[in-house]
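Subject: Handover of a structure

Dear colleague,

Please find the structure below. I would be grateful if you would read the notes that follow with the structure open beside them.

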Amino acid sequence: PRDVEVQTPDPIPLPDQWNVVAGDATQNAAVSLARTGRHFIIQGPPGTGKSQTITNLIADYAARGLRVLFVCEKRAALDVVFHRLGQAGPSVC
C-alpha cells in the first residue's frame, strides 16, 4: 500500500450544515470531505459513530437537492440510518 496524504477540507460553516444528529469534529470533517467529491471509506468497530456520520452525509446531500443511494451489507445498519433520517422529517427523506 502506498501512503497517501489527505488534506482535511475547511469546516463547513454552521449555516451551511445540515446535520440531523450530533456529530463530532471527525464526523463533520467526513461530511466536508464528501462535498469535495473525493472517495473514501468509513470504517470502525460498533459504536464509533459510523451510522451517525452516514446519516449526516445523506442529510447533507438531500438538503442540497442531490440524490443518494445508500447500500450496506447488513439490514440493521439500513434500519438505523432510515430511522434517524425519518426523525429529521420529510425534508430529508
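Arg 75 and Asp 79 are both found in helix 3 (residues 75-88), where four residues, about one turn of the helix, separate them. Helices here are DSSP runs of H or I with at least four residues, strands are runs of E with at least two, and both are numbered from the N terminus. Arg 75 and Asp 79 form a salt bridge, with 2.8 Å between the closest N and O atoms. The term salt bridge requires a side-chain nitrogen of Lys or Arg within 4 Å of a carboxyl oxygen of Asp or Glu. Arg 75 is exposed at 59% relative accessibility, while Asp 79 is partly exposed at 37%. Buried stands for under 20% relative accessible area, exposed for over 50%, and partly exposed for values in between (1.4 Å probe, protein chains only).

Please note that this is a predicted model, in which local features need pLDDT of at least 70 and side-chain atom pairs count only at pLDDT 80 or more, whereas totals for chains, interfaces and linings use all residues. Residues are numbered from 1 along each chain as its sequence is written, and side-chain values use heavy atoms, leaving out hydrogens and water.

The other salt bridges

The search of the whole structure gives three salt bridges. Asp 60 pairs with Arg 35, the closest N and O atoms lying 2.5 Å apart. Asp 60 belongs to helix 2 (residues 50-63) and Arg 35 to the loop between helix 1 (25-34) and helix 2, so this pair ties together parts that are 25 residues apart in sequence. Asp 60 is buried, at a relative accessible area of 1%, whereas Arg 35 is partly exposed at 29%.

Asp 60 also forms a salt bridge with Arg 64, at 3.0 Å between the closest N and O atoms. Arg 64 is partly exposed, with a relative accessible area of 35%. Arg 64 also lies over the face of Tyr 61, 4.9 Å from the ring centre; this requires NZ of Lys or CZ of Arg within 6 Å of the ring centre and within 35 degrees of the ring normal.

The chain as a whole

The chain contains three helices and zero strands. Of its 93 residues, 22% are buried.

Yours sincerely,
A colleague
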